[in-house]
Structure formats: structure tokens, C-alpha cells
Amino acid sequence: MKISGTISSEKSRKRLTGKFLALVSFAIIISFWRITTGEWEIPFERVIHFLSANLDESEKILPQALVIRNVRLPRLICSFGTGGLLSVSGVILQGLLANPMAEPYTLGIAAGAAFGASLGIIFGDGNLFVMPCAFAGAVFALIFTGIIS
């Protein structure tokens, strides 16, 4: 029995590794596609050149280089960071509640955050007040959901 369990775990590990490598490859391909496309179509070779460390000062101020380094690359990095943080927050929410189906919409957290944000807009004195109110509304909705369940 031990041998068959080891073989199946090796197969599942290889399958999982293959899926992971496929997803990482797909993310890299989509990232390069996303950096090259936009209002200005910039060829792939130029993108690689502009992302290299050995640019002259005259090349750093070219509009294409500025668009790639100051607009497209930060957006790409922020999108990966946001996606990663959203997945971590989902895992934390599911782990804390011990419910694999837990999500902000079914628990009322999203609605509580929207309600808090709307109160922040109405009673606040600018945009700085909106985010803390949205966070407080989300926490209140989670606590309230936990109390009534």
C-alpha cells in the first residue's frame, strides 16, 4: 500500500508542478503582451531595450521609454500585487471562518464596506475619510454577521 500511495503522490505532484509552470508561463506571456499593447503599439524588441539597465540618458526621455517605465510597468506590477493580495485575503477569510464558500458578498462585508463608504462621502470632509469609513463598515458587517449566525 505504501508504494502505490507514493506513486500517486508523485503523479499528483508532477501534475501540480506542470499546472503551476503553465500558469506562470501564461502570466509571463500575457505580461509582455500587456506591456507592448496600448494606445501606442511598441514592438517587443523596443520594450526589452527600454527595460534594460543600459539606457543612455537621451533614450530615457523618449516618449516610448517613459510610457513603458512610468505607466505600463507600474500598472502591471500593481495588478499582480492586487491580485495576490485579493487571493490572500480570500484565503484568510475562508480560513478564519472555516468555510470554503465564504466570500465578502455572501457575508455582507462588501455591502457593509459600501455603506461605510457612502457614510464617509456624506459626512466626510474629503476622500481621506472615505476609506476608513469603508473599512469600519466592512468590519462592522463581519462582526454583525458573526453575532447573528
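Which residues make up the largest nonpolar core? In this predicted model, where local features need pLDDT of at least 70, side-chain atom pairs count only at pLDDT 80 or more, and totals for chains, interfaces and linings use all residues, the answer is a set of eight: I35, I42, V47, F50, L55, A65, I68 and L76.

A nonpolar core here is a set of buried Ala, Val, Leu, Ile, Met, Phe, Trp, Tyr and Cys residues joined through side-chain atoms within 4.5 Å. Buried means under 20% relative accessible area, exposed over 50%, and partly exposed in between (1.4 Å probe, protein chains only). Helices α2 and α4 each supply at least two residues of this core, and the largest share, three residues, comes from α4. Helices are DSSP runs (H or I, at least four residues; strands would be E, at least two), numbered from the N terminus.

Now turn to T37, which sits in the loop between α1 (2–36) and α2 (44–51). T37 is buried, with a relative accessible area of 14%. A polar atom of the T37 side chain lies 3.0 Å from the backbone oxygen of W33.

Charged side chains come next. Side chains of opposite charge can pair when their charged atoms come close. The structure holds one salt bridge, a term for a side-chain nitrogen of Lys or Arg within 4 Å of a carboxyl oxygen of Asp or Glu. The partners are K60 and E57, whose closest N and O atoms are 3.6 Å apart. Because they stand three residues apart in helix α3 (residues 57–60), K60 and E57 are separated by about one helical turn. K60 is partly exposed at 33% relative accessible area, whereas E57 is exposed at 58%.

And where is there open space? Rolling a probe the size of a water molecule over the atoms shows where empty space is left. The largest pocket contains about 380 Å³ of space. Of its 18 lining residues, S89, G90, L93, P104 and I109 are the closest to its centre. The elements giving two or more residues to this lining are α4 (63–97), α6 (109–123) and α7 (130–148), and the largest share, eight residues, comes from α4. By class, the lining has 14 nonpolar, three polar and one charged residues.

A98 has a positive phi of about 55° although it is not a glycine; A98 belongs to the loop between α4 and α5 (104–107) and is exposed at 68% relative accessibility. N127, in the loop between α6 and α7, is exposed too, at 69%. From N127 to I42 the separation is 85 residues in sequence and 36 Å in space, C-alpha to C-alpha. P132 lies in helix α7 and is partly exposed, with a relative accessible area of 47%.

Conventions:
Residues are numbered from 1 along each chain as its sequence is written. Side-chain values use heavy atoms; hydrogens and water are left out. A polar contact is a pair of N or O atoms within 3.5 Å; within protein, one must be able to donate a hydrogen and the other to accept it, and residues adjacent in sequence count only if both atoms are side-chain atoms. On a 1 Å grid over the protein atoms alone, a cavity is a set of points where a 1.4 Å probe fits but cannot get out, and a pocket is an open set with protein on both sides within 12 Å along at least five of seven lines; lining residues have an atom within 4 Å of a point. Grid points are joined across faces, edges and corners, and a volume is the space filled by probe spheres set on the points. Ala, Val, Leu, Ile, Met, Phe, Trp, Tyr, Cys and Pro count as nonpolar, Asp, Glu, Lys and Arg as charged, and the others, Gly among them, as polar.
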